[in-house]
Every structure is written in C-alpha cells, then in structure tokens.
Amino acid sequence: MALIHKLRGLLGLGRAVLVGLSEEAAGDDPLALFSRWFDDAAATGMQLPEAVTLATATAAGRPSARLVLLKSFDERGFVFYTNYESRKAVELEANPVAALVFHWSALQRQLRIEGSVSRISEEESRRYFSSRPRGSRIGAWASKQSAAVEKRDDLDRVFREYERRFAGKNIPLPPFWGGYRLSPDLIEFWQGRANRLHDRLCYRRSGEGWTRTRLSP
Ligand SMILES: Cc1cc2nc3c(=O)[nH]c(=O)nc-3n(C[C@H](O)[C@H](O)[C@H](O)COP(=O)(O)O)c2cc1C
C-alpha cells in the first residue's frame, strides 16, 4: 500500500474513533449516510471496500454466508451479481430475505443491512455483464456455480470450449446469471469508540421514512 494511503487510513481511523457517530452527523437518511461511509472506506485506499458478507437461509431457516461484491446502490437498494443456480440463489428463491455485513477495519466501522431480495431486470444484468472483462464473461458461462466438479481440468476444458464457441463474437448474458437487489428495511451503523463504548445507530424502515434508534454496544 502506498504511504499516502497508509497515512490517509490512519488519519481516517483517528477521526472516526474520536468523533464517533452522533445523531446529528448521521441524519435521517441511512442511504445518504451509507454513501458517505462507503466513500470514506474507499478513500482509505483499502482493498475491496465493496466486499460484503451476504447471509441467506433456506426455507427451513438454516443460514449460510459468503462474500460478494456490492456493484451498485441507490434508494432502491444494494445490488450484487451471481449465478442464479448457485446455493445462495437457490436459498434466495425459496426464502427471499438476506443480510449484508461490511467490515471496514481501517475505520473501525461495521455496517449491517437486512431486507427483502429480488432479481434485477435482465436489461440491468445485461448492461453490467457486458462491462465485465471477456475472461470473466466466459468464466460465467463455464461455471455451474456451487455444483460439484470432479477435477480442475474439467473446469479448464469447459472454459476453452466456450472460448472457441464465442471466438470473435459478442458474449451474451447467460440465462442463469444476473443481479439481485436487496431492498433494505434495517441498516445499522457501528462505529468503534474508546473503552468499548461503541456507537450503534439502527435505522428501521417505517412507512416512507426511517426511524432511528441508538443501541447499546
Ligand atoms: C472478495 C470476494 C468477492 C466475491 N464476489 C462474488 C460475487 O460478487 N458474486 C458471486 O457469485 N461470488 C462471489 N465470490 C465467491 C463467493 O464468496 C462464493 O464462493 C460463491 O458465490 C458461491 O457461493 P454459494 O455456493 O453460497 O452460492 C466472492 C468471493 C470473494 C472472496
């Protein structure tokens, strides 16, 4: 990491821990606050500030979690992309609720988001898919995500088959691949403070707006 990023990270950490998270600074709109925290995380120069743990559960309530990359967010929610036949997708189709957890250690910040999940439009998925590097697009066709693979060679062979199939051609969006949007009904901001007296502000959707509650650390 470049020295300037290290310095920025240290300064950011000091400020975040010292100043904390007051109701006044947090405001009434958790999405605006999310946007500021996301920018703060990116500004530290940390790797993959958009990496987020996604927890899903089966219809019977058995949870599972893994990392995904947050690719966009706005007032409608938080978008990530995946294989629609993967384990997470099977769970989401049966039980369309999920939780996200970010940890930005350089700022001693955790962010929890919960809500309902639905597929984004095919057009939106296509737009994002076509922006990906060619190798990633071929990889999406070649991977039956979460299915058993007998040997590594099989994966490489299928990748080469798709490379030949799409040689010199545009690579279309696979019908089994696309985005999900988590529409939040709860967002909790956690700011590490001295003596374990951390700041926790939890926003719950209520009607058109949000109610904000401070929680004990
Ligand atoms: C940093 C990081 C980012 C990842 N991003 C994604 C992603 O955006 N989409 C995805 O499907 N898998 C992503 N993965 C892989 C998932 O963690 C997981 O292995 C895969 O999606 C299969 O999960 P599942 O079997 O629970 O469906 C990422 C892994 C890491 C370590």
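**From an exposed loop residue to the ligand shell**

Arginine 196 is exposed, because 7 other C-beta atoms lie within 10 Å and a residue with 12 or fewer counts as exposed. The structure considered here is a predicted model. Arginine 196 sits in the loop between β7 and β8 (199-206). Although it is not a glycine, arginine 196 has a positive phi of about 65 degrees. Most residues other than glycine have a negative phi.

A positive phi is also found at serine 146, again a residue other than glycine, where the value is near 80 degrees. Serine 146 belongs to the loop between α6 (134-142) and α7 (152-165). Serine 146 has 14 C-beta neighbours inside 10 Å, so it counts as partly exposed, since that class lies between the limit of 12 or fewer for exposed residues and that of 20 or more for buried ones.

The ligand is surrounded by 15 residues, of which the closest are Thr82, Ser86, Arg87, Lys88 and Ser146. Two or more residues of this shell come from each of the elements β2 (63-69), β4 (77-83) and α4 (87-94). The greatest contribution is that of β2, which supplies five residues. Sorted by class, the shell around the ligand comprises seven nonpolar, five polar and three charged residues.

The wider setting can now be described. The protein contains seven helices and nine strands, and its C-alpha trace spans about 55 × 45 × 30 Å along the principal axes. Of its 217 residues, 25% are buried. Among contacts between residues at least 6 apart in sequence, 65% join residues at least 24 apart.

Note on methods: Residues numbered from 1 in each chain as written. Predicted model: local features only at pLDDT ≥ 70, side-chain atom pairs only at ≥ 80, totals over all residues. Near = placed C-beta within 6 Å. Helix = DSSP H or I, 4+ residues; strand = E, 2+ residues; numbered from the N terminus. Nonpolar A, V, L, I, M, F, W, Y, C, P; charged D, E, K, R; others polar. Contact = placed C-beta atoms within 7 Å.
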